[in-house]
Amino acid sequence: MEPRRRSSTIVTTTVSSDEEDEEIIQSVVLGKTPSYSLETKLGDCKRAAAIRREALQRITDKSLSGLPLEGLDYESILGQCCEMPIGYVQIPVGIAGPLLLDGREYMVPMATTEGCLVASTNRGCKAIHLSGGASSVLFKDGMTRAPVVRFTSVVRAAQLKLFLEDPVNFETLAMTFNRSSRFARLQNIKCAIAGKNLYLRFTCSTGDAMGMNMVSKGVQNVLDYLQNDFPDMDVIGISGNFCSDKKPAAVNWIEGRGKSVVCEAVIKADVVQKVLKTSVESLVELNMLKNLTGSAMAGVLGGFNAHASNIVSAVFIATGQDPAQNIESSHCITMMEPINGGEDLHVSVTMPSIEVGTVGGGTQLASQSACLNLLGVKGACKEAPGSNARLLATIVAGSVLAGELSLMSAIAAGQLVNSHMKYNRSSKDIAKASS
């Protein structure tokens with residue numbers, strides 16, 4: 001008798017819970033309960049997502065059956081990664097490699113829905129490996145934030161510019177800035193004036209974090225400090241687009257933002273012929289006419305490459321980076337030239353603004369954390385703060401080098417169309433699938 005009573009209680013509770021959920025769904029549909037408040041109201045993030053999802057289906061009369069709900073830790077994204085979740089999108093993750101870079105091998109995770117991309121990058125990795133590997137140098141590391149302030153006269157704007165750029169004042173400004181974090185260290189401040197408006201571009205190190213929040217806190221500290229000597233300074237915005245974040249900008253291309261990396265490899269003649277199926281001469285000519293001259297004719301900004309953004313986006317999504325920062329992170333110039341009497345190929349990529357981190361944001365999600373772990377750069381490096389993020393930046397550049405090498409070879413050999421017809425087209429009946 002005891003087991004039956006307990007079973008009855010469980011059934012009653014389940015029914016009660018279902019009835020309660022139905023009441024909440026109806027309340028959301030009728031606009032009485034705001035959808036954004038469900039997590040706070042229920043104290044259960046997955047339940048909130050399920051109720052929000054069902055309410056949305058009823059409001060729109062559209063099915064979300066193809067969008068998964070199960071399998072995601074909704075607690076882990078609360079207040080950090082996504083608001084008002086209703087599920088998650090599945091993106092396949094492929095592996096390219098091993099990428100032999102600076103004497104170490106890396107299996108590179110790439111999240112993409114573009115057929116050929118992983119296979120092509122993998123071929124580039126093979127060519128690099130057979131030729132002895134690639135080498136990289138990270139020559140700058142500093143995240144930026146540039147507020148815009150306004151004065152009543154150009155004279156006062158110029159006075160602040162001179163004050164900030166005077167080396168005598170840097171130590172005090174740095175102490176004020178650095179209070180924001182134990183990792184934030186101010187490197188420099190560069191100013192640009194436009195009439196009465198002044199743009200202050202702060203650059204600082206940020207440890208293993210990508211660092212946007214960190215640098216913004218430091219900038220706010222300095223702005224508060226400056227109000228003492230410049231009380232007539234009107235802060236228009238913490239970001240004045242002179243940073244410049246998530247948009248193509250010459251200031252990033254020239255000055256750098258995040259990690260600045262150059263990566264090179266010498267591809268042997270027999271590897272060019274047997275693996276890449278082309279010639280050194282054809283690659284050098286194509287690179288000059290496509291990546292350099294063609295890009296100049298198009299008026300590109302930082303886009304002197306074949307498809308750097310393809311590889312950057314795929315690695316960014318796999319490792320929990322901000323996909324929108326692919327814009328400036330893909331700034332890249334690809335260079336190719338014959339060496340050793342024209343027998344071998346020297347290839348390099350120079351990328352001045354790779355913006356990555358191994359802590360914070362999407363890096364803490366289980367799937368993305370696993371991909372970082374695969375590369376050996378998961379989380380913060382306690383022994384040498386910042387080294388994990390710097391290593392990730394060099395891996396991104398090395399992967400771009402592999403991708404550039406393979407795609408350019410496919411184009412030079414006339415294989416691009418055939419490859420995409422084979423690997424980037426669905427064999428399904430589209431008419432049946434859509435119905």
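How many aromatic pairs does the count come to?

## Aromatic pairs

In this predicted model, the count comes to 5 aromatic pairs. In one of them, phenylalanine 163 and phenylalanine 230 have ring centres 5.6 Å apart and planes at 65°, so the pair is edge-to-face. This pair links distant parts of the chain, since phenylalanine 163 lies in helix H5 (residues 154-165) and phenylalanine 230 in the loop between helix H7 (212-229) and strand S7 (234-237), 67 residues apart. Phenylalanine 230 is buried, with a relative accessible area of 6%, and ring pairs link Phe151, Phe163 and Phe230 into a cluster.

Tryptophan 253 and phenylalanine 304 form a stacked aromatic pair, with 6.2 Å from centre to centre and 25° between the planes. Tryptophan 253 belongs to helix H8 (residues 250-255) and phenylalanine 304 to strand S9 (residues 303-304), so the pair ties together parts that are 51 residues apart in sequence. Tryptophan 253 counts as partly exposed at 22% relative accessibility, whereas phenylalanine 304, at 17%, counts as buried.

## Cysteines

A search of the whole structure finds 0 disulfides. Cysteine 82 is in no disulfide, and the nearest cysteine sulfur, that of cysteine 81, is 8.1 Å away; cysteine 82 counts as partly exposed, at 37% relative accessibility. For cysteine 371, the closest cysteine sulfur is in cysteine 81, at 15 Å, which is too far for a bond, and cysteine 371 counts as buried at 11% relative accessibility.

## A nonpolar surface patch

Val29, Leu30 and Ile59 form a nonpolar patch on the surface, together having about 260 Å² of accessible area. Leucine 30 lies in the loop between helix H1 (2-29) and helix H2 (38-42), and is exposed, with a relative accessible area of 58%.

Notes:
Residues are numbered from 1 along each chain as its sequence is written. This is a predicted model: local features need pLDDT of at least 70, side-chain atom pairs count only at pLDDT 80 or more; totals for chains, interfaces and linings use all residues. Side-chain values use heavy atoms; hydrogens and water are left out. Patches are made of residues with over 30% relative accessible area and no salt bridge: like charges are joined within 9 Å, nonpolar side chains (Val, Leu, Ile, Met, Phe, Trp, Tyr) within 5 Å. Accessible areas come from the Shrake-Rupley method with a 1.4 Å probe; for residues, only the protein chains shown count as cover. A salt bridge is a side-chain nitrogen of Lys or Arg within 4 Å of a carboxyl oxygen of Asp or Glu. Helices (H or I, at least four residues) and strands (E, at least two) are DSSP runs, numbered from the N terminus. Buried means under 20% relative accessible area, exposed over 50%, partly exposed in between (1.4 Å probe, protein chains only). A disulfide is a pair of cysteine sulfur atoms within 2.5 Å. Rings of Phe, Tyr and Trp (its six-membered ring) pair if their centres lie within 6.5 Å; planes under 30 degrees apart count as stacked, over 60 as edge-to-face and the rest as tilted.
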